[in-house]
Amino acid sequence: MGSEQPGSSRPLQRMEDLVALCARRGFVFPSSEIYGGINGFWDYGPLGVELKNNLKAAWWQAVVRERDDVEGIDSSIICHPRTWEASGHVEHFSDPMVDCRACKRRFRADQLDDAGPCPAREGSSEHDWTEPRRFNLMLQTRIGASEDASAIAYLRAETCQPIFNDFRRVREVARQQIPFGIAQIGKAFRNEINPRNFTFRSREFEQAELEFFCRDSERGRWFDHWLDERLRFHREIGLGAGHLRTRPHAPEELAHYSKRAVDIEFRFPFGWQEIEGIHDRGDFDLSRHSEFSGKDLAVTDPETKERYLPVVIETSVGVDRTCLALLCHAYEEEALPGGEARTLLRLHPRLAPIKVAVLPLSKKLAEPARRLAGELRRRWNVFYDEAGNIGRRYRRQDEAGTPFCVTVDFDSEADGKATVRERDSMQQDRVPLEAVAAYLADRLGPGG
Ligand code: GAP
């Protein structure tokens, strides 16, 4: 950026730049890094876990807490194996894959463009492909000491199936009538053949899913309602203008359980990609789980006494994918006067891992600065740093996406004020020390 006009900025262009920032600042980095990493698995560091927790809290607030027609659960990751027979995963949850007989590598048959030249064939860079075969994506494990097939279980491939398992119990304990929904956030596991694009396609990831149960006659209305709600959510967390679109599925694209589906897509540097799916799943899940469990999951209409299976409208968002979208969208390189540049994350204050950094200009000012940090900590995640050049300390906070830095300087003792610097504009205000919390509360907003 060095030669560009001061004030000019450019968004993220190469994923490598974001991957480097995430590792350098401790947002996300390879799992088991000291062993060389493990493909498709990622660890969130001190900043990443805060970002992810803030995103999950915002989703839970919007989808569960602000509504009286949605209940939350937290189910086990391993379900009764019959669950996955009923859901169709044992039979259908597979991708077509091919192997190269020469280099022994395996690829998804529909993603051979990613394979590149074969490293093992002399005189030709062409791979020697096998015929496509189906490869089931569920991760298996074993339960108990038995060695036979009865011990096989699966790590859940999506968080919604245990919601269907719990439907009857939750409806009864929460005394809910149709229409109502059950939501959960949690880990899902898929043995993806080609994990790629950083955390975008991983083997272990988190989903936030809502299964909303309604009458057949109302499914269209609820589908539109939830699509609108979810789009509003993404805009509210800052994934706005020009970077979000919806894509309805063509009939031949629909999953085996789905009657209608719309993807919410985000424009990543590697193209438009799904971050969330809204699906009309019909009564597929409840009818299959009724059949496989032998338990009647139908409900009774309180007025007509008619028994019926509700249909399901699902919203299913990837937590890691949305974090990645947030990071891509927030990343910016900005030219500063004097040929310098800074990298910043323009994260929405509600999502920012650290809300405020307290930075005394000198270690001699540690006492009032620590006192202020202690007060602010009661409300927000606060970072305290008294070492090093103040410009460099500001840059570090810009890269972490911290909306405000508060500097206690040598004038503070005399005038009882601190300097509050805003991340995006770099504008600075002198604010009385006792008014800093109110000043920040005003600007960080509710939930900030
Ligand atoms: N219950 C429906 C369901 O699981 P899906 O389209 O397979 O639908 C929903 O997944 C969301 O989960 C996706 O939109 C995506 O954000 C996230 N997701 C799916 N597979 C993923 C993977 N391998 N890595 C990261 N996120 C993934």
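Predicted model: local features only at pLDDT ≥ 70, side-chain atom pairs only at ≥ 80, totals over all residues.
Local features need pLDDT of at least 70 and side-chain atom pairs count only at pLDDT 80 or more, while totals for chains, interfaces and linings use all residues; side-chain values use heavy atoms, with hydrogens and water left out.

The structure holds 46 salt bridges (a side-chain nitrogen of Lys or Arg within 4 Å of a carboxyl oxygen of Asp or Glu).

Select Asp95 and Arg108. Their side chains form a salt bridge, 3.4 Å from N to O. Asp95 belongs to strand β5 (residues 94-99) and Arg108 to strand β6 (residues 106-108), so the pair ties together parts 13 residues apart in sequence. Helices (H or I, at least four residues) and strands (E, at least two) are DSSP runs, numbered from the N terminus. Both Asp95 and Arg108 are buried (under 20% relative accessible area; exposed is over 50%, partly exposed in between, with a 1.4 Å probe and protein chains only).

Next, select Glu218 and Arg221. The closest N and O atoms of this salt bridge are 3.6 Å apart. Arg221 is partly exposed at 49% relative accessible area, and Glu218 is partly exposed at 26%.

Move to helix α10 (residues 366-377), which contains Glu367 and Arg371, 4 residues apart, about one turn of the helix. These two form a salt bridge with closest N and O atoms 2.9 Å apart. Arg371 counts as exposed at 55% relative accessibility, and Glu367 counts as exposed at 58%.

Finally, select Glu332, Glu334, Arg342, Arg346, Arg395, Asp398, Arg421, Arg423 and Asp424: salt bridges that share partners join these residues into one network.

Notes. Residues numbered from 1 in each chain as written.
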